[in-house]
Structure formats: structure tokens, C-alpha cells
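Have a look at the picture first, then read on.

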Amino acid sequence: MAKTKTAFFCQNCGAQYAKWVGQCTSCKQWNTIVEEVIQKEEKPAWKANSNPSKRISAPVRVSEITQEKELRLNTQDLEFNRVLGGGLVPGSLTLLGGEPGIGKSTLLLQIALKLPFKTLYVSGEESQKQIKMRADRILPNSENCFILTETKTQNIFQQISELEPDLVIIDSIQTLHTNYVDSGAGSISQIRECTAELIKFAKETHTPVILVGHITKDGNIAGPKILEHMVDTVLQFEGDRNYVYRILRSLKNRFGSTAELGIYEMQGSGLREVNNPSEVLISKNDEDLSGTAIAATVEGMRPLLIEIQALVSSAVYGTPQRSATGFNAKRLNMLLAVLEKRAGFKLGAKDVFLNITGGISVDDPAIDLAVMASILSSNADIPIEKGVCFAAEVGLAGEIRPVQRVDQRILEAEKLGFSTIYVSKNNKIGLKNPNIQVHLVSKIEDVVSQLFG
């Protein structure tokens, strides 16, 4: 056996050092450098089968490379497929991160139970009986899902060779360890080595692998940052555990867009796909309340209607408060300055609180006009008429600027029963005779006069 070697790793970012230092030069964190034992053998953990994947061994002109249609595995979950870009790509490695108890294991287990092909669910955190109790709530009878409780990669690959599954789910990567590295499970070197072995297995057998990853207190995926660079797709499962709704986002995707969004509702029988999130994000309140406006936004390819709430009150202390939940606070300050300069509203001595309902965060500039309308409605204590929504950006000169894909926003508002939508006068609308009244406005003063005049 080779001589034992040690190295020093930063537990925050994964940077490697030859000796101990007090501060990591990469992430500037103090006291995060830990010594780990590194000792690797010559033989690999995963032995390739007799039919290895074909590889390009010589340079080839781009024009000579034949492009075949990309085949994807349907996960039987519309929201999961949408975020992935159409399904799982054979040979891909997907990393799913999220807070403890948010529902990562539940989501992957119910996908494994519904799949029509053979799936191996490897758990290093729960026993088979615990997983069985959860499976009984989701889908009691599944003939294609196999459960393995193991943490050593050599034993896992041995079972994979015998079972030959079409999909492998690892819950979680921080619990795995390999014999070829002597440090403890969850350490930087163990995570990196186990992931490298799984990548080699996935690429040589064209079997998709999904990894569950823990996150740190800052919300980042635990382990070395190189872990996110090694995998093909990084998904983030987020939401407040006090709410029933969960949001699945794509932070990195080599096979699709990172702008897509999946929404789930947590129930006793698992996670339910929310195919029409606009109905979820808009409250069913029959009373006319001031400070509420509806905005038409777009997340990826999906149009959404969201509810924006604002509260404007006199400042109790000398300095007024500016608070925004789900919206950029700096952009809120900019919009307040535009209202004061261009529309003449004196909000400098008032507290302004803004909230996007449903617990989601939106950075689409097309909700600017709805934010302003909700603030003005709360300031005047005059409710906006029901059936009115907004889709426009507001510039520093108070002009109403056009937004992209306005036709999709109008159609979504029409489908949900809205009667009026405010858009920019400079938008080119391709719809002919829509069943919704489209108000074309050019300045913020026009909107104020039409809504509160």
C-alpha cells in the first residue's frame, strides 16, 4: 500500500493547502482548515463493463460530428421534467439540495415509486422500515423501486452490477464513503472521491444518477464548491416549512434552461404537482382591500400571476423603514424615488413594507407597475378594482417601458378571468380581439389618473 498522505482542506469552499493556515485565502473564512488523510489505491472503485461507451479518440471537425436527437427519461412528474428541461438525460448526474425537512427525500422517493423502469434508491440516512412507512403513504405497491441502505461505495456498486437499474438515487452524498480515502464520511476528500466514482459509473453505463446534498447555514450546498462543477445539473428545493408550498429551481443545467420553476404542494400523501400556480399565488378574498395588486410575470416558459401587497404608514421613528419580501429592496427604493419625483407623492416620511405572497422571490422587472400600484393603493387607502392586473417596467423618468412576451402574460390573465391589464404603449401586441381589455399607458401619471383619478 502507498505511503499515507495528508492534506489540509477548507471545510467551507474545499480549497487545498499543503500546511495549516488560519484563514482560507479563497473564501476568506477563519478556522475552517482541517487536516484529512488521503490514501488511494491503484484500482478503481467502479469496474467498467464489457461494453464501455464509445469515446472520441481523435480530433474531429465540428461539421463532421453527427448530432442525434437527445433521448430523455420521463420521470412521470411534469414539474420535475420542466425544471430538468424535458426529463433525465442518460448518463447525467443531478444534485438536489435543500434545507433539512423540506421534502427532498419525499420528492425523489415518489418519483422512484412512479417510474415504470427499474430504480435503485440508496439511503445512508434512513432504515428500510422508515422508507417503507413513507412509501406506504405515497404509493404502496411499486414493483420497480428497490431500496438499499448502504454507505460504502464498493458495496453499492456491487449491488448495482447485480441489479442493473435504469436510475440510481443516492440519499445523500454526504453519508457515502469509499475505502480508497481514509478520511471520515462527509469530509471534503470523501465527497469529492465518491462523486468522481459515481460520475465514472454514470458516464460509462449511461445511467442517470441523482444525488441529494445537504446545505450549510448560509443556504449553499455543503461540501467543496467543486462538487457543483462536477455534476451536470444542480437543483434547489426551497420553501418555508411553515407553508405547504415548495419551489424547485435549477441553479445549473447543462441540458436545459436555468429559468424554469416547479411548484409543489406538501400533503400527507406526498408532494402534489401544482400545474396552475397562478391560482395558488393569488388569494381568494372577496373583500376589496387596499394595497393589493396583481402582476403578470414569467418564470422560464411559464407565465404566472402573482399577488403583491404593500403597506404604507406614517413613520414612528425619525428614519422611515423600507422592507421588501420576495422583491429587491434597492429596486423598491428606486421606484419610491420615481413616485416622489415624477408623480408628486411624498413618501419620504412614511414606512413602506412590500410582500409577494406565496413565499416566492421574483426579479422580473415587469412587476414594477404592480408594485407602484399597490403602494399608491395603500397610501390613498383606495382598493384597486377586481379584475385588474399589470405587466410593465417603470423607468427612472416615470415612463412605462415594454416587457418581453407580453402576449403570454395577457393570455394567462385572460384565462384566469381578469378583465383589464395595463401594459406599455410601446409593446407590440400580436393578439387579435382578446377577451380582456388592454390599457396602453406611457407614463406613470396616466396610470395614477386612471386608477385613482
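The largest nonpolar core in this predicted model has 44 residues, and Ile367, Leu369, Val371, Ile375 and Phe390 are the ones with the most contacts inside it. A nonpolar core here is a set of buried Ala, Val, Leu, Ile, Met, Phe, Trp, Tyr and Cys residues joined through side-chain atoms within 4.5 Å. Buried means under 20% relative accessible area, with exposed over 50% and partly exposed in between (1.4 Å probe, protein chains only). In soluble globular proteins, nonpolar side chains tend to be buried together.

Who supplies this core? Helix α9 (368-380) is among the elements that give two or more residues to it, and α9 gives the largest share, seven residues. Helices (H or I, at least four residues) and strands (E, at least two) are DSSP runs, numbered from the N terminus. Zoom in on isoleucine 375: leaving aside residues up to four places away in sequence, it touches Ala310, Val312, Leu332, Leu336, Leu339, Leu347 and Val352, where contact means heavy atoms within 4.5 Å. Apart from this core lies another one, of 28 residues, including Ile102 and Leu109.

Now for the sheet. Seven strands make an open sheet with mixed pairing, in the order β15-β16-β14-β13-β17-β20-β21; two strands pair if DSSP finds at least two bridges between them. At the edges sit β15 and β21, each pairing on one side only. From one strand to the next, the twist averages 25 degrees. Axes are lines fitted to C-alpha atoms, for helices over the stretch in contact, and angles run from 0 to 180 degrees between N-to-C directions. Helix α9 shows up again here: it packs on the sheet, touching β13, β14, β16, β17 and β20, at about 30 degrees to β14. Helix α11 lies across β17, β20 and β21, at about 135 degrees to β21.

Over in helix α2 (residues 104-114), ten of the eleven residues are buried.

What about disulfides, pairs of cysteine sulfur atoms within 2.5 Å? The whole structure has zero. Cysteine 10 has its closest cysteine sulfur in cysteine 13, but at 3.7 Å that is too far for a bond. Cysteine 194 is in no disulfide either, as the nearest cysteine sulfur, that of cysteine 10, is 20 Å away.

A note on the numbers: residues count from 1 along each chain as its sequence is written, and side-chain values use heavy atoms, leaving out hydrogens and water. Local features need pLDDT of at least 70 and side-chain atom pairs count only at pLDDT 80 or more, while totals for chains, interfaces and linings use all residues.

Methods: Disulfide = S-S within 2.5 Å.
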